[in-house]
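Here are a few notes to read with the model open beside you.

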Amino acid sequence: MNPLRIAEWSDVPELVPHGVLVGNTDLVIIRDGQELSVLYGRCLHRGALLADGSIVGEDLVCGVHGWDYRYSTGVSAYNNDEVLEKFTAWVEDGGVFVDADEVAAF
């Protein structure tokens, strides 16, 4: 595993999509209490930035065309065959980390 700090936990707002760029890959961080999800940050429909979307219930909703994905799994509520990549992520020493090799391989 190759840990990469992508954000400060204190900078990630509660239930508000928070976008980061890792290399050439857009990611979106969702904080729900002490739970953390890091997903591929582009909508599978038309490639819009999901960080520009919103959280509605348990869904991350694209701000352009309203496609939604469960932020805990990345699975689309409309079509379960559409799944955003979910990356291994954790909080340590006040930072949000992902496995850089996993993101690079995406």
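Predicted model: local features only at pLDDT ≥ 70, side-chain atom pairs only at ≥ 80, totals over all residues.

1. First, a term you'll need: two strands count as paired if DSSP finds at least two bridges between them. With that in hand, look at strand 1 and strand 10, which pair antiparallel over five bridges.

2. Strand 9 runs antiparallel to strand 10, and four bridges join them. Here you can find tryptophan 90 standing opposite phenylalanine 97 of strand 10. Strands 9 and 10 make a hairpin, with two residues between them.

3. How well covered is strand 10? Five of its five residues are buried. As background, side chains in a regular strand alternate between the two faces of the sheet. In strand 10, Gly95, Phe97 and Asp99 sit on one side, Val96 and Val98 on the other, and all of them are buried, so both faces are covered.

4. Now stop at the turn of that hairpin. Aspartate 93 lies in the loop between strand 9 (89–92) and strand 10. Its phi is near 50°, which is positive even though the residue isn't a glycine. Is aspartate 93 buried or exposed? Aspartate 93 counts as exposed because its relative accessible area is 69%, and the cut-off for exposed is over 50%.

5. Leucine 15 is another spot to check for backbone angles. This residue isn't a glycine either, yet leucine 15 has a positive phi of about 55°. You'll find leucine 15 in the loop between strand 1 and strand 2. With a relative accessible area of 34%, leucine 15 is partly exposed.

6. Setting aside neighbours within four places in sequence, what does isoleucine 6 touch? Its contacts are Val20, Val22, Leu27, Ile29, Val38, Val96 and Val98.

7. Leucine 4 also belongs to strand 1 (residues 3–8). Not counting residues up to four places away in sequence, leucine 4 touches Val22, Val96, Phe97, Val98 and Ala100. Leucine 4 and valine 22 are 18 residues apart along the chain, and their C-alpha atoms are separated by 9.1 Å. Why is leucine 4 called partly exposed? Because its relative accessibility is 30%, and partly exposed covers the range between the buried cut-off of under 20% and the exposed one of over 50%.

8. Over in strand 4, have a look at tyrosine 40. Apart from neighbours within four places in sequence, tyrosine 40 is in contact with Thr25, Asp26, Leu27, Val28, Leu50, Leu84, Glu85, Phe87 and Phe106. Tyrosine 40 and glycine 23 are 17 residues apart in sequence, with 13 Å between their C-alpha atoms.

9. There is also an open sheet of three strands, with antiparallel pairing and the order 5-6-7. Strand 5 (54–56) and strand 7 (68–70) are the edge strands, each pairing on one side only. From one strand to the next, the twist averages 35°. Strand 5 and strand 6 (residues 59–61) pair antiparallel over three bridges, and valine 56 has aspartate 59 as its bridge partner in strand 6.

10. Finish on aspartate 59 itself. Is aspartate 59 buried or exposed? At 10% relative accessibility, aspartate 59 counts as buried. The side chain of aspartate 59 makes a polar contact with the side chain of arginine 70, at 2.6 Å. Leaving out residues up to four places away in sequence, aspartate 59 touches Ser54, Asp68, Tyr69, Arg70, Tyr71 and Ala77.

Key:
Residues numbered from 1 in each chain as written. Heavy atoms only, no water. Buried < 20%, exposed > 50% of the residue type's maximum accessible area, 1.4 Å probe, protein only. Contact = heavy atoms within 4.5 Å. Axes fitted to C-alpha atoms, helices over the stretch in contact; angles between N-to-C directions. Polar contact = N/O pair within 3.5 Å; in protein donor to acceptor, adjacent residues only side chain to side chain.
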